Every structure is written in structure tokens, then in C-alpha cells.
Amino acid sequence: MITGSEILLDSFIAEGVDTIFGYPGGQIMPVYDKLVDYTDRLRHILVRHEQGAIHAAQGYARVSGRPGVVMVTSGPGATNVITGIADAMADSTPVIVVAAQVSTALLGTDAFQETDFIGLTTPITKWCYQIRRPEDVAWAVARAFHIATTGRPGPIVLDLTRDAQVGIAEAGHKKCDFIRSYVPRPKPSAENIVKAAEMINAAEKPFVVYGQGVILSGAEKELAEFLNKGCIPAGTTLLGLSALPSNFPHFKGMVGMHGNIATNVLTQECDLLISVGMRFDDRVTGKTSTYASQAKVIHIDIDASEIGKNVPVDLGIVGDAKDVLTQLLPLVQKRDRSEWETTADMYGDLEKHKVIEPEVFPESGRIKMGEVVNKVAEVSGGKAVIVTDVGQNQMIGARYSRFAQSRSMITSGGLGTMGFGLPAAFGAKVGAPERTVCLFVGDGGIQMTIQELGTVMQEHTGIKIILLNNNWLGNVRMWQELFFDQRYSSTRMLNPEYSFIASAYGLKYRFVEQREELDDAVREMLFDDSAFLLEVHVEEMGMVFPMVPPGKSVNEIMLNGTDWFEYGE
């Protein structure tokens, strides 16, 4: 017979947890008291703000494939993780949040630091549950891990009352592998698999758009074999980046608003669009009424609610991406579609000369974001885990990074959370300590969670922070320039002296303003095992192109501030 707090920690260990990101407080103190006896089995990382805990857990989960665990107190401790929970829900990230709650007798009395956390998080979690008895702790934890990690992953909230923490119950944890009416891995329809193969074999110009579902299902190998066998070009969503190596022969780049010209045009020129593990987000589709309207559409997704939700489909297959591709492979005919791929390469060459080379190899002026990201990719050999914040740094980081292995791109996609980058990079390094972790962040985003440099300092975590400083909220400023008549409302930033901040937190630091210094600075950063802040003063009025403006079709592409590319003209 042990306390509910001990049952909780024993259950974590039984589920394979090695790290907890958290912050103690009044109502969670019974668990933290027992945690002292578990330091040889559980690593607790003290963040500087609860939002840092949830984003760190997300980074940990995304790079490792294991659920991230967060532990916070009630009231403000709990509400401070809500943004990260919503972010995890949008991006299908498995995290378990244990938030303390007041005693059962005080529920509903507006007691000190009481909030209706279940009510607040029900819409943004895969499952949430209030634990009121110590007898229910092990059951709830087992169920939470099963739900979070199976099917389409997502965040779980356990609201742990003080009664459940201090009460006594029988020890013992039994893993959960079945919940009635919950079918996390639906069996794909054999009939639809055959229909899909027939449609693929008959297509002359098929095109695949894949997303993070490929990574979550571990279907990278199957996807590569599928593309090779059918000689089919492919593009990825933002969160699907790194599922295929950047030099994979059929990989043509990213799709969507700041995607590559080739992938967006192929979407509008293909006769069959095959979607694998993605949800047709509006940043991918642009104007939905014209999106791939000439093509038949096959949509493969584990979540039945996504099929047909945003884009009409001719054939939907509900199933895990790995299962579906494995069953499709024997039925797909080996084809030579090299002429179709040549079309893609032609558009790729157009972008290379019109956009990429001027961004990566500018002849004069301030350093561009693209050349910084390109230099990091060049020196790291594409082997680093790339973490981004949100904004121009995110889009440039996605466009010009290179990837050699899966689970190497970590960013806030669906929610677009500024401040995500720094704690997520820290969590990624904890989840994959053997890998180099590079964070691209803007001067706006880093200041939203800059206190987490204290966590980096305390844990001696050697992340590489590349601060792309342009003294603006760059992405908002860019939209103001393009769509709001250059009315720059509240986007100019007066920044602190980052060298002082780096020194205060014990980070190695270097400032780069001259192009000639960039290569040496990047090499110094990457070849040092310590935490490093590289501040690069980039052009202040920089833009991110190509761009499909909001409300436009994905083939209506801005190449720069004046020139457009429109397929068919």
C-alpha cells in the first residue's frame, strides 16, 4: 500500500518514462516530495515557466517518438500549459500533462488556485480525466499513454486532485492495450486498396503529397519504395519535412504558401493526387475551389474525420500510412514516368535561378536569412535536428535546411506558436542527446520564452541557437508591406544587447554582421559541444519568396515583390 503520488511515479517508470519537464507548486507538492526518492530512475527538468515545460515535452516527443511528460501545479501552473496543449493537438504530438488540482471537497468552491482545467482543455486534448482517488491513478496513467501514442497521437491531460496524491492504495501498474470502442489503427479496406492501385497504375502524371503521418507511422521506407517503383514525384507539408532525405530523387520540395514552385505547379498539373498522412491545411491548399481541380484525389489518413473535410476526394482510405503503403506496394506497377519528372525538374530550375540563388548567394547588401540557413546545412551535412520558432525564420529554415534522416524538423505547424522554438530545441536535445540540435529563431520569438535559457544553463544542454535578428516582427511586417499598404503597425522592435544575455546565462556567443565572417562563425558554433548563441544581423526588410498569397490558387505564385509566376500563362 503506497500513496497515489508514488503510484503515479511508478506508473511513469512502467510506461518507460525517463524524463519529466515540470515546475513545482502548492497542490503538486506531495508528488514532488516523493520525487526525491526517484532521482535515480526519473530525471526531472526544472523549466523557468510552465509554457517552457510543454514545448520542451513536444520537442522531446517529436525527435524521439516517445511521449513527452509534463508535471505542473494547479491554477496558473495548469493554465500556463494550455497554449502548448493546443499546439500539440494541432500537430498530433503525444504529450501527457499531469496538473494538480485542489482537494475533492473544495472542487467548485473557487478555492485558492482552483480552475476547471478539464473544462478548459476538453476541446484541445485527445482525452482528459480528473483523478479523485489514489485507486484510479495507475488505471488513468496506463489509459493516458495508450491513447496518446496510438492512432493519431495527441495530448492527454490528467487533473490530479490532492486526495489522489496523498491517499493510500495498492501498488501495481498494468499497461493498457485495449479500450472498448476505441480503434486506433483501423484496418484499411482491401477493396479500396485495390481501387487505389488501379487508379495509380492508370495515371500518367501522378503526384504524391505527404505529411507528418508518414513519420508518425514509421512509413518512411515504404513511401520511398512506393515512389521509386512508380517513378512518382512527391512534395511534403511543413511537418512532413525530413521523412525523405532532401536528396531523394523523387523529392521535389515543400508544398503550400511558401512551398516550391515545382510542387505547387505539379499539384495543378497532375492527373492523380495521392495524399498520404496529411490533412489539406489551408496553408497547403490555398484557394480550395481550384486546388487540384483537374485531378482525381486519393486521400490516405488514419483519421477518418479528415477525409473529405477540406478537399473533395475520389477515394478515401482510412488507415495507418505504413499499413496502407505496405499493402499498395505489391499492386503498384513499376513504371517509367521520367518525362513527367522532367517537368517537375524544369520548374525546379526556374525557382533555382529566380529565387534560391539570389537568396542563398546574394552579391551584395546585408546577410540574408537564406544564406545563414544554407550555411548551417552545408557545414552540418544535413545531419542536424532543425528546430524553428514561428515567422520568417520558420519558413526560411524549412526552405533551405537539408535533411539526411527522419524526425529532423521540429516546428509549430497548425497553431503557429511564437516562443515554441527555444524550449522545443532544449527538449529535442534531451530526447536525442547524441544529435546536433540547431534552432533558427527571430528576435521576436526568442523573447517570448527567453527565460528558458536558464534551463539550458542549469542542465548544461549544448543546443545551437541561431538568432536571425532583423529588429522587426518580420513575418507580420512582410504582410503589412505586401497587403496593408506598408502601414507598419507595432512591428518594429527595440532589442536588448544579446551578448549580455548570453554572458548572464553562460552561453558562448558570437555576433556576425559581415558576410565574410559567416562561414567561420557557423563552424565555430557547430564544432563546439557547449550551448552557443550565434546572433546574425540579417537584412531588416527581408521577404520570403516564393509566396502564394492568401486567397490565391497554389499556381498563382509571387516570385518577388513585383514578378509573378502563373501556371498556364
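The model is predicted, with residues numbered from 1 along each chain as its sequence is written, and side-chain values use heavy atoms, leaving out hydrogens and water. Local features need pLDDT of at least 70 and side-chain atom pairs count only at pLDDT 80 or more, whereas totals for chains, interfaces and linings use all residues.

**View A. Salt bridge between Arg-133 and Asp-136.** A salt bridge is defined as a side-chain nitrogen of Lys or Arg within 4 Å of a carboxyl oxygen of Asp or Glu; the count by this rule is 29. Here the N to O distance is 3.0 Å. Accessibility is classed by relative accessible area as buried (under 20%), exposed (over 50%) or partly exposed (in between), with a 1.4 Å probe and protein chains only. Arg-133 is partly exposed at 43%, while Asp-136 is buried at 16%.

**View B. Salt-bridge network of Arg-152, Asp-303, Glu-306 and Lys-309.** Glu-306 is buried, its relative accessible area being 5%; Lys-309 is partly exposed, at 48%.

**View C. Salt bridge between Glu-524 and Arg-510.** The closest N and O atoms of the two residues lie 2.6 Å apart. This pair links distant parts of the chain, 14 residues apart: Glu-524 belongs to helix 23 (residues 518-526) and Arg-510 to strand 19 (residues 508-512). Helices (H or I, at least four residues) and strands (E, at least two) are DSSP runs numbered from the N terminus. Glu-524 is partly exposed, with a relative accessibility of 37%.

**View D. The second largest pocket, with a volume of about 740 Å³.** A pocket is an open set of points on a 1 Å grid over the protein atoms alone, where a 1.4 Å probe fits, with protein on both sides within 12 Å along at least five of seven lines; lining residues have an atom within 4 Å of a point. Volume is the space filled by probe spheres set on the points, which are joined across faces, edges and corners. Of the 27 lining residues, Ser-246, Lys-252, Asn-260, Ile-356 and Arg-399 lie nearest the centre of the pocket.

**View E. Secondary-structure elements lining the second largest pocket.** Strand 11 (251-254), helix 15 (338-360) and helix 17 (392-400) each contribute at least two residues to the lining. Helix 15 gives the most, with 9 residues.
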